[in-house]
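User: I'm new to reading protein models. Could you walk me through this one, feature by feature?

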Amino acid sequence: MMITQTFWSTFEGEGLGMASADIAAAPVHSGKARVNKHKADWRGWKFMWPFAVVFVFVFIVPIVYAVYISFFKKQMIGGTKFVGFENYARLLGDGQFWSSVGRVALFTCVQVPIMLCLSALMALALDSMKLHGTRFFRISTFLPYAVPVVGSLNDFLGTDIDVLAPSVLLASIGNIVTWEFTGYNMLIFYSSLSTIPHSLYEAASIDGASEWQIVKSIKLPELRGSLAITVIFSIIGSFQLFNEPSILQNMVPGNAITTYYTPNMYAYNLSFSGNQSNYAAALAIVMAVITMAIAYIVQLNSLKEQMK
């Protein structure tokens, strides 16, 4: 009887061991399908394709088409003719084009620093926590960008200054642009200052640092990255100056704002009024190259400053 029990105990143990081994050796089939690492995963493109389609047809295709038609010329006899780089060579000797480039370059060198300084001062004032009504101040400074409105300072100050005189016309346009985009750049600066932990301010105050020393040693270095972004955006916007002079063109006396007052106005009038779309395309390509070169130089200088 004891032999029989021992035999069955041994048999059952061996059976259980074999069953356990079989279970361990058997492949485990989960309910989820295995992911093939060598197979491309296109799920992200399902979210990207609406933007990609719009970007290609609104941005890439027009650039390629502009480059293509810039190598042609419309003629009254013979129709459209391939002329190679003739439009670009003509543009290099076009005095009206270089006059408009010089005007927007002067506008950029004067207006952009003033606007960014005002934006930085406003951001520092908001970040100081000593300004009453910060929410109202934030909304009121951003409102001209969201809903641009042009008013007369003469009515507000009770003066009689001709702000549309040819001698001060460019300054008047700069005043409009500054009023419109100061709040926008201020928000960029303020968002950058908001990332600084307040513990740094407290530690500096404990060490005896004044408010100006905190601004100089902590806040201003933090603005370098956002300053580079705002400078690049402002340069691109200045070289694309079009709306403000176009609106004021019928308001100024005489011919103070010409058809070639800015490069964009020159390209617009060449294309839609002068029937020279091929030459206008060459102008647009050259302006894009100039703007990208200046923006690239600014970005390189910014990177060098940040690496110091």
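Predicted model: local features only at pLDDT ≥ 70, side-chain atom pairs only at ≥ 80, totals over all residues.

User: What does the chain average in pLDDT, and where is confidence lowest and where highest?

Analyst: pLDDT is the predictor's confidence in each residue, from 0 to 100. The chain's average is 82, and 84% of the residues score at least 70. Confidence is lowest in helix H1 (residues 2–25), with a mean of 44, and highest in helix H3 (residues 86–92), at 94. Over residues 1–33 the pLDDT is below 50, and this stretch has one contact in the model beyond near neighbours in sequence. Contact here means heavy atoms within 4.5 Å.

User: How many helices and strands does the chain have?

Analyst: Helices (H or I, at least four residues) and strands (E, at least two) are DSSP runs, numbered from the N terminus. This chain has 13 helices and two strands.

User: How many Å should helix H4 span?

Analyst: The expected span of a helix is 1.5 Å times one less than its number of residues. H4 covers residues 95–127, so its 33 residues should span 48 Å; the end C-alpha atoms are 47 Å apart, which agrees. Helix H10 (residues 224–239) has 16 residues and reaches 23 Å from first C-alpha to last, close to the expected 22 Å.

User: Where does H4 bend, and what is found at its start?

Analyst: A bend at a residue is the angle between axes fitted to the seven residues ending there and the seven starting there. H4 bends by about 25° at Thr-108. At its start, a side-chain oxygen of Asp-94 comes to within 3.1 Å of the backbone nitrogen of Gln-96.

User: Which residues of H10 are buried, and what do they pack against?

Analyst: Buried means under 20% relative accessible area, exposed over 50%, and partly exposed in between (1.4 Å probe, protein chains only). The buried residues of H10 include Ala-228, Val-231, Ile-232, Ile-235 and Phe-239. H10's buried residues pack against H4, helix H7 (169–193), H12 and H13. For the chain, 31% of the 308 residues count as buried.

User: In which sense do the two strands E1 and E2 pair?

Analyst: Two strands pair if DSSP finds at least two bridges between them. Strand E1 (residues 72–75) and strand E2 (residues 79–82) pair in the antiparallel sense over four bridges. Lys-73 has Lys-81 as its bridge partner, and Lys-74 has Thr-80. The two strands form a hairpin with three residues between them, and Gly-78 in the turn has a positive phi of about 105°.

User: What does the side chain of Lys-73 make a polar contact with?

Analyst: A polar contact is a pair of N or O atoms within 3.5 Å; within protein, one must be able to donate a hydrogen and the other to accept it, and residues adjacent in sequence count only if both atoms are side-chain atoms. The Lys-73 side chain makes one with the side chain of Glu-86 (3.5 Å). Lys-73 lies in strand E1 and counts as partly exposed because its relative accessibility is 29%. Lys-73 and Ser-277 are 204 residues apart in sequence, yet 8.5 Å apart in space, C-alpha to C-alpha.

User: Which residues other than glycine have a positive phi?

Analyst: Most residues other than glycine have a negative phi. Two cases to look at are Met-129, which follows H4 and has a positive phi near 65°, and Asn-275, with a phi near 55°. Asn-275 lies in the loop between helix H12 (263–272) and helix H13 (277–307). Asn-275 counts as exposed because its relative accessibility is 55%.

Note on methods
Residues numbered from 1 in each chain as written. Heavy atoms only, no water.
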